[in-house]
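This report describes the packing, strand pairing and charged contacts of the structure shown below. Please keep the sequence and the model at hand while reading.

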Amino acid sequence: MECLENIQASQLGNRRNIYVYLPPGYEEQTERYYPVLYVHAGQRVFGPSRLGNETWQIDLAADELISAGRIEPIIIVAIAHVRPVTRNEFYHHVDAGQEVTGIGGSGKEYEHFIIHELKPMIDRKYRTQRDRDNTGLLGSSAAALCTLHIGMRHPDVFGKLIMMSPYFVDVQLDEQAECGLREKNTYRLPDIIPDVKMWVDIGDTEGLFLPEQVRTVVQEMLDRGADVKKLAYFEQPDACHQEADWGARVQLPLLYMFGPEGKPVSMELYGRNVIGLKGGMQVRVQARLLCDNGLILTKLGGEYVSSHPEVLEVLADGMLIPHATGSAMITLQVGELTATRDYSVISELSPLVQVCMQAKLTSTFTLSEQREEFIYGGMGMKLMHTGDGHYEGCYRIPRDSGFSFRFTRGFRQFETDQNGNPIANRVFRATEDMSLYYHIQAWGSASAKAETGGFLR
């Protein structure tokens, strides 16, 4: 591991550290040249940016895969992120509504730094394979959005794009909206998708970062010419929107991009299997494919058959269309593999449920301590102070959406235990109307983020 300090980005007018992972055998095999993966938000790629912060530990994942011969040795270049003050380097396109908040986008200046300043420096300093097919870009959340835009604009430079939990859609709770949400696309796609290899994934416990939103963008890419053989999609059950969960599955895109092609060996259908004839709740068959090299993918389509299409019709993309109450068996055929599952159609199922949340400050808070006017329970869930340390709020949210959160009273001002230590995330899945009750022991600060790994090694 090497650290290149205070690297200048000329158009951004700032400096940052660059962390470089060199694979096992790099010092000994002096005639060998290596593929390169550039990773955004690099201060958390190999270790936490500070004590208590989360980390991907991507170096450990790469070590394990390379040592086992499951991927070829690669160089990983982690680009530290400079926090936005007036401009965010992960945003290429910022609309007028966002500009009102005072944050603009400097994504084009950031991509200039990577392509015209950082990459040439890395290519001079290390033994790299410089062609596009051996150069990748990885990001999560807003950095995944940035990866998409840079990759679409410069397919001649980056032939491998890894987008984990991408921030493709900005979503806010909105009681006035019919769907209970206010959604705004943050991405832009070219008319024709360039010939690049892509990995897109999402967890199903990421709150208002909904899998269906990401899958819709993936389908749009396919409709615009993306090669289905070069576009991998994966939905991770029970995964949250945080570094620890991205790090826990990062071996999958590494395997997809830098490992041998796997052969499918098993398949299963999972997810919701109760559909409403009325109510507007859309349900899609979820199909998971396991390959002999350990790769796991969510199947985007296939040869679906319904045992009773007059009750339940299934489209090529797995979308289920109910026609009458009753039951039907759905079968998916992929090559020599077959998977089946029983589904039921009931009279009605709404797409939204109501979740009411109450939180109470425990007796460890003294009467003299200031009570916040409101606190947040995750993804825009605002709880108002109703007196005597009680907070309450009710929300209409998408059915089956999963949430993993800690209460906060401001940016990264998370709740802690009585001793100021991080606590585990609170988790719930909104399958039906529910009331939730919590106790808050103490308030912490930015350092209260859960610790999930060691430091830069």
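Predicted model: local features only at pLDDT ≥ 70, side-chain atom pairs only at ≥ 80, totals over all residues.

## Nonpolar cores

The largest nonpolar core holds 83 residues, of which Phe168, Met198, Met221, Met357, Phe407 and Phe428 touch the most other members. Helix α4 (residues 142–153) supplies the largest share of this core, with eight residues. Apart from this core lies another, of 34 residues, which includes Leu37, Ile66, Phe234 and Leu254.

Leaving aside residues up to four places away in sequence, the contacts of Phe428 include Val355, Met357, Met381, Ile397, Phe403, Phe405, Met434, Leu436 and Tyr438, and also Ser401 and Gly402.

## Salt bridges

Side chains of opposite charge can pair when their charged atoms come close. A search of the whole structure finds 17 salt bridges, one of which joins the side chains of Asp195 and Lys230 at 2.8 Å, N to O. This pair links distant parts of the chain, 35 residues apart, with Asp195 in the loop between β10 (181–185) and β11 (197–203) and Lys230 in the loop between α5 (211–223) and β12 (231–236). Asp195 counts as partly exposed because its relative accessibility is 45%, and Lys230, at 29%, also counts as partly exposed.

Arg284 forms a salt bridge with Glu212, their closest N and O atoms being 2.3 Å apart; Arg284 lies in the loop between β14 (274–278) and β15 (286–291), and Glu212 lies in helix α5, 72 residues apart. Arg284 counts as buried because its relative accessibility is 11%, whereas Glu212, at 34%, counts as partly exposed. In another pair, Asp400 forms a salt bridge with Arg272, with the closest N and O atoms 2.6 Å apart, and this pair links parts of the chain that are 128 residues apart. Asp400 is partly exposed, with a relative accessible area of 21%, and Arg272 is partly exposed, with a relative accessible area of 21%. Finally, Asp201, Glu206 and Arg249 are linked in a network of salt bridges.

Methods. Residues numbered from 1 in each chain as written. Heavy atoms only, no water. Core = buried A, V, L, I, M, F, W, Y, C linked by side-chain atoms within 4.5 Å. Buried < 20%, exposed > 50% of the residue type's maximum accessible area, 1.4 Å probe, protein only. Helix = DSSP H or I, 4+ residues; strand = E, 2+ residues; numbered from the N terminus. Contact = heavy atoms within 4.5 Å. Salt bridge = Lys/Arg side-chain N within 4 Å of Asp/Glu carboxyl O.
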